[in-house]
Amino acid sequence: MEQINFIFDELTAAGFDVYHPAQHEGLCKALYIVIKDMGGNPVPGHNKIGRRVVHIIYTTPKNRMSDLMSARKSIISALEDFTGARRTGLETPAIFDPEKVAYTAAIEYEVQKRI
């Protein structure tokens with residue numbers, strides 16, 4: 001979980017409003033990010049090192065969908081020099097969330113972890 005906390009701290013230091021799953025309440029009034037641990041698996045051939053998959057889910061109000069692209073670039077830029085995580089290349093398209101009245105997208109990262 002340590003690397004995930006580092007990602008949380010890096011994005012917070014970059015000025016983002018960052019949450020763990022189920023922490024944000026109410027409607028989306030401004031851009032915010034949720035860091036979600038998606039589980040992990042061992043590195044093939046190793047019994048002491050594994051990988052954890054982390055989704056960085058970013059959400060912006062319905063009337064600010066254009067902010068999603070700039071948020072994506074800013075998130076990638078904020079984590080660019082962070083050696084503890086690498087982008088996998090998997091990104092979700094924007095999806096409308098009627099419960100939050102917002103658009104949501106995600107970027108997948110992978111972090112190494114001791115098993």
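Trainee: How many bridges join strand β5 to β6, and do they run parallel or antiparallel?
Mentor: 3 bridges join β5 (residues 95-97) to β6, and the strands run antiparallel. Strands are DSSP runs of E, at least two residues, numbered from the N terminus. Two strands pair if DSSP finds at least two bridges between them.

Trainee: What sort of model is it, and how are residues numbered?
Mentor: It is a predicted model; local features need pLDDT of at least 70, side-chain atom pairs count only at pLDDT 80 or more, and totals for chains, interfaces and linings use all residues. Residues are numbered from 1 along each chain as its sequence is written, and side-chain values use heavy atoms, with hydrogens and water left out.

Trainee: Back to β5. Which residue is the bridge partner of F96 in β6?
Mentor: Y103. The hairpin of β5 and β6 has 4 residues between the strands, and V101 there takes a positive phi near 50°.

Trainee: Is F96 buried or partly exposed?
Mentor: F96 is partly exposed, at 37% relative accessible area. Buried means under 20%, exposed over 50%, partly exposed in between, with a 1.4 Å probe and protein chains only.

Trainee: What else pairs with β6?
Mentor: β3 (residues 49-61) pairs with β6 (residues 102-114) in the antiparallel sense over 13 bridges. There V54 is bridged to Y109, and R51 to Q112. Strand β4 (residues 85-91) is also antiparallel to β6, over 4 bridges. A85 stands opposite V111 there.

Trainee: New topic: T60. Why does T60 count as buried?
Mentor: Because its relative accessibility is 1%. T60 lies in strand β3. Beyond its neighbours within four places in sequence, T60 contacts residues including C28, L31, A102 and Y103. Contact means heavy atoms within 4.5 Å.

Trainee: Which backbone oxygen lies 3.5 Å from a polar atom of the T60 side chain?
Mentor: That of R64.

Trainee: And D37, where is that?
Mentor: In strand β2 (residues 32-42). D37 is partly exposed at 28% relative accessibility. Its side chain makes a polar contact with the side chain of R52, at 3.1 Å. A polar contact is a pair of N or O atoms within 3.5 Å; within protein, one must be able to donate a hydrogen and the other to accept it, and residues adjacent in sequence count only if both atoms are side-chain atoms. A polar atom of the D37 side chain also lies 2.8 Å from the backbone nitrogen of G39.

Trainee: How does β2 run against β3?
Mentor: Antiparallel, joined by 9 bridges. P42 is bridged to G50 in β3.
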